[in-house]
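Q: Could you walk me through one part of this model in detail, from its ends to its surroundings? I would like the cut-offs stated as you go.

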Amino acid sequence: MTLVLACLATLLALPYILAALGSVVRKRQLGRIDNHNPRQQAAQLDSFGQRIYAAQQNAWEAIILFAGTLLLAHLAGLNFQLIQIPALLFLAARLVHPVVYVYGLATLRSLVMGLAWASCIYIVVQAFRLLAT
């Protein structure tokens, strides 16, 4: 269970790391960080800066997917030792995702996202298989 929770903890830190990178880009491109109107300021960034902002938003969404998947697995009584590999695959995919997102590699980004989704689907299927027995 520790490894799976470490994956979740790492994923929880990712949007904040991306926010910090986004702040650096905002400062460089626009000369300041506008905390009063961050969304409007993000719209003024070039495509690189906008993709960092979008990757951060997507990282929040991924946390919801993974946390929900883990909650379902826990409620089903699934042994977390059995889902360490898919949890690590999800984490790896989500760490690669912002890199390919920021550099505009759309097809690779979709493939990476598909791997993350497949990892969650595998965990959910295992949870339902356990409930069916």
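A: Helix 4 is followed by Gly104, whose phi is positive, near 70 degrees; helices here are DSSP runs (H or I, at least four residues; strands are E, at least two), numbered from the N terminus. The model is predicted, so local features need pLDDT of at least 70 and side-chain atom pairs count only at pLDDT 80 or more, while totals for chains, interfaces and linings use all residues. Residues are numbered from 1 along each chain as its sequence is written, and side-chain values use heavy atoms, with hydrogens and water left out.

Helix 4 has 19 residues, and its first and last C-alpha atoms lie 28 Å apart, close to the 27 Å expected at 1.5 Å a residue (1.5 Å times one less than the number of residues).

Within helix 4, the buried residues (under 20% relative accessible area, with exposed over 50% and partly exposed in between, for a 1.4 Å probe and protein chains only) are Pro86, Ala87, Phe90, Leu91, Ala93, Arg94, His97, Pro98, Val100, Tyr101 and Val102. Their cover includes helix 1 (2-30), helix 3 and helix 5, where contact means heavy atoms within 4.5 Å.

Ile85, found in helix 4, counts as exposed because its relative accessibility is 59%. Leu88, also found in helix 4, is partly exposed, with a relative accessible area of 34%. Leaving aside neighbours within four places in sequence, Leu88 is in contact with Leu3 and Cys7, whereas the C-alpha atoms of Leu88 and Asp46, 42 residues apart along the chain, are separated by 33 Å.

Ile85 and Leu88 belong, with Leu3, Leu89 and Leu115, to a nonpolar surface patch that has about 400 Å² of accessible area together (Shrake-Rupley method, 1.4 Å probe, only the protein chains shown counting as cover for residues). Helix 4 (residues 84-102) supplies the largest share of this patch, 3 residues. Patches are made of residues with over 30% relative accessible area and no salt bridge, like charges being joined within 9 Å and nonpolar side chains (Val, Leu, Ile, Met, Phe, Trp, Tyr) within 5 Å; a salt bridge is a side-chain nitrogen of Lys or Arg within 4 Å of a carboxyl oxygen of Asp or Glu.
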